[in-house]
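Subject: Structure handover

Hello,

Here is the structure I promised to pass on. Please open it first, then read my notes below.

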Amino acid sequence: MNNSDHNDHISAALLQRSDELNEIPNLSPDENGFIHSKALVLKDFIIFPKMISPIFVTEMNDIQVIMEVLEAKSTLIGVVKRNEDDSFFEIGIEFAIGKLIDLGEGNYSALIQGRRRVAIKETIETDSGYEVKALPALEIQDYDKTTKALCKITLDLFTQCVQLDRSLPEDIGVYVMSISEIDWQADVIASAISLPLEKRINILQMVNIQQRLEFINSSLAQELDVLRIEDDLQSKVQREVDKNQREFYLREQIKAIQLELGERDIWEQEIIEYQQKIGKMVLPDEVRKTANKELSRLKEGPSFSPEMGIIRSYLDWIMELPWTEQTEDNLDINHAISILEENHFGLKKAKDRVLEYLAVENLGKGETKQPILCFVGPPGTGKTSLGKSIAQSLGRKFVRLSLGGIRDEAEIRGHRRTYIGALPGRVIQTMRRAGTINPVFMLDEVDKIGNDFRGDPAAALLEVLDREQNYAFSDHYLEMSYDLSKIMFITTANSTDSIPSALLDRMEIIEFPGYIEEEKMEIAKQFLIPRQLEENGLKNISIELPDKTISKIIRDFTYEAGVRNLEREIGKIFRKIARQYTEIHSVPTLVTVNMVDEFLGPPKYFFFEAGEEDEAGTAMAIAWTENGGEIMPVEVLITDGKGNLQITGQVGNVMQESAQAALSYLKSKSTSFKLKKLDFEKIDIHIHIPEGAIPKDGPSAGVTITTALISALTKRKVYKDIGMTGEITLRGKVLPVGGIREKITAARRAGIKRIIIPRKNEKDLVEIPKSALEGLEILKVDHLDEVLEISLYPSTN
Ligand code: ADP
């Protein structure tokens, strides 16, 4: 049996108790004070004493029981089952039930009226359901002071809730006040507020009135907290709307007053200006037609009506948007090469791809259908600036639109202009900024675009990017098609993982992998330092940053794959120098390493250095994070235990799985590792990957975890100067991994001399400058056995 509608509790509680229900007497006790009755199991709802509520009955057994009870004009007892073990709660409720109303298809509804709490003493299961023996709760007549005080608090809290909660009927406060019994008041309040079922069951169990009031008070206090926050938000929104509307009407009123004062011609003058401007513009036919139509509506209407305001801002949009203006492309490849080289260090792959793109564009005279380029890489790796250079070399305008956090299709496509304050979508807004129909249009953060009930912005974006459709892009506000087909779109993302796949299909990915220290140093020298000198007014003063200084800034003050923070820190140093210059008219010509500490404060980051001594149970992984390469020790501890494997250190699922795989491999090979006597069921293995609270994941620590495990179990030490990376299969094969370039530079920086990499990654070594490999021994392996051979001390027996 279920409650038909939760909210009906409230209204039903306020209902006059129906006469029919009132006529049914309570159960009379036997000579020992017990009452005996049929029982119904209450599911999904609870009724409190004296409350009235409608219910649904669908189960045959329940219907049977109710019929019998109705026949006997008797009440019955509701019992509640515990979820955990099917046993019954100690307290149930005696209630009366009214006539069953047939709802068809075997469903019935009826009104029920709670009578009193009863303590269930015995439950007997029969063929037709349950029968119980119970003891009615005593009715208290006199309440002590504490109870009265508690009740006052409850009433107080409840009154506040009623004021704030719009879903509660206003007169319920008065109704509760009019009740003289505290018990009853408490139960009405418990019925009225929206509590989860478990709490309602709890309240039913509380025969002790003080305990019940305390519980209700704490629920009310929580409810009030939530209501206050909601109320706060609500009034903020209301204020904002009121303000906008007031401003709008005030403005319109001013216009109306001006008209009254005989300034009618201002209005007419305005219309003439619109007419002239539109007349002069070069517009596609459809646009001109629409504009003229709106103009004539403007002429007809009264100037102060809100609709005229809407028409005016629509016309403003039409006039400010580029419809035909376009820049002439400069498709001279040599010009492009020189601009790309001038503005960017490195980025060879990206530059080559861009030049190919331009070459094809050149040959096809812009008629070819080339894929949309998508620049993928960590922040600060030059994606935006390369986009700007492309625009510069083509002689096109450059605009950007960030898609991060856009969840609503209307943000892309705009709102219909039926309401005040409607605007075109972001794409059209950005085109107004561009001022030409063929800009280089960068869509940032395609990987952060959202999707929810307000429509799918990714779908709208697909239409924007699709050359088959985008010559007639429809924006809800404009209500006519807008040509996006001349635009060169470039998208950017930090990673491809979360780009919607339909979008990913249309794009060609160009990776911006992140810079190694040597590259950062060059970028700093050639670009960042000169730019920051200029920005801080130090252009004409000679200040030099030696390599050592730059390297210190990179290592101790930045932690990134790109160069954004590096530029920021350099800027900080220059600002301090500029200030010194204005104060004492002298500046250092050389910024030494010590001065960096002085200017920037204590180091922000510490590089993890290779270990001091060879140890058993620790091996060094070389990993790749969004911030670039990094080394991280993998530590293994074996203790007596029960065969548990624990892995800690902000480790993701894939890494956890690699640990499981490592252990399985090891178990399968226990003979060859001379671990035959070891009982894995009697030990616990704890793997820990320290180094800050940086989340780590990915399969590439597989070989390291396995090596550390074997070292811990066999007590063979690991050479401290070795770092390793590689995924491992259950049979010990070593599979290739990503980010080799960043990994190797990070390892070198940390003082690692020998680096184990999967043989399949050999090809990635080509991308690494010779200088970055100096003093390193790179060991390529196919199988874990080779890794162990290289990295572990020889077995002693
Ligand atoms: P992203 O768009 O990838 O976040 P930006 O293009 O905004 O990165 O680059 C951040 C800063 O770093 C810019 O000032 C840019 O000029 C500079 N920068 C990044 N990579 C290079 C590079 N290869 N050569 C010159 N400057 C670079």
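Is the crossing of α20 and α21 left-handed or right-handed? It is right-handed. Please keep in mind that this is a predicted model.

Some detail on that pair first. Helix α20 covers residues 547–557, and helix α21 covers residues 564–584. Their axes come within 10 Å. They cross at roughly 120°. That angle lies between 115 and 145 degrees, so α20 and α21 count as oblique to each other. On the α20 side, the contact is made by Ile-553, Ile-554 and Phe-557. On the α21 side, these meet Leu-566, Glu-569, Ile-570 and Ile-573. By class, the contact has 6 nonpolar residues, 1 charged residue and no polar ones.

Helix α13 (residues 348–364) packs with helix α14 (residues 383–394). The angle here is about 30°, and the axes are 12 Å apart. This crossing, too, is right-handed. From α13, the residues involved are Ala-350, Val-354 and Leu-358. They meet Leu-386, Ile-390, Ser-393 and Leu-394 of α14. This contact holds 6 nonpolar residues and 1 polar residue, with no charged ones.

Next, the sheet. What is the order of its strands? The order is β10-β11-β14-β9-β15. The sheet is open, has 5 strands and shows parallel pairing. Its edge strands are β10 (398–402) and β15 (507–511), and each pairs on one side only. From one strand to the next, the twist averages 25°.

β10 runs parallel to β11 (residues 440–444), and 5 bridges join the two strands.

Helix α16 (residues 426–434) lies across β10 and β11. Its direction is at about 155° to β10. Helix α17 (residues 457–465) also packs on the sheet. This helix touches β9 (372–376), β11 and β14 (488–493). The direction of α17 makes about 145° with that of β14.

For a quick tour, start at the edge strand β10. Step to its parallel partner β11. Then find α16, which lies across both strands. Finish with the α20 and α21 crossing.

Best wishes

Note on methods: Residues are numbered from 1 along each chain as its sequence is written. This is a predicted model: local features need pLDDT of at least 70, side-chain atom pairs count only at pLDDT 80 or more; totals for chains, interfaces and linings use all residues. Side-chain values use heavy atoms; hydrogens and water are left out. Two strands pair if DSSP finds at least two bridges between them. Helices (H or I, at least four residues) and strands (E, at least two) are DSSP runs, numbered from the N terminus. Axes are lines fitted to C-alpha atoms, for helices over the stretch in contact, and angles run from 0 to 180 degrees between N-to-C directions. Contact means heavy atoms within 4.5 Å. A crossing is left-handed if the near helix is turned anticlockwise from the far one by less than a right angle, and right-handed if clockwise. Ala, Val, Leu, Ile, Met, Phe, Trp, Tyr, Cys and Pro count as nonpolar, Asp, Glu, Lys and Arg as charged, and the others, Gly among them, as polar. Angles under 35 degrees count as roughly parallel, over 145 as roughly antiparallel, 65 to 115 as roughly perpendicular and the rest as oblique.
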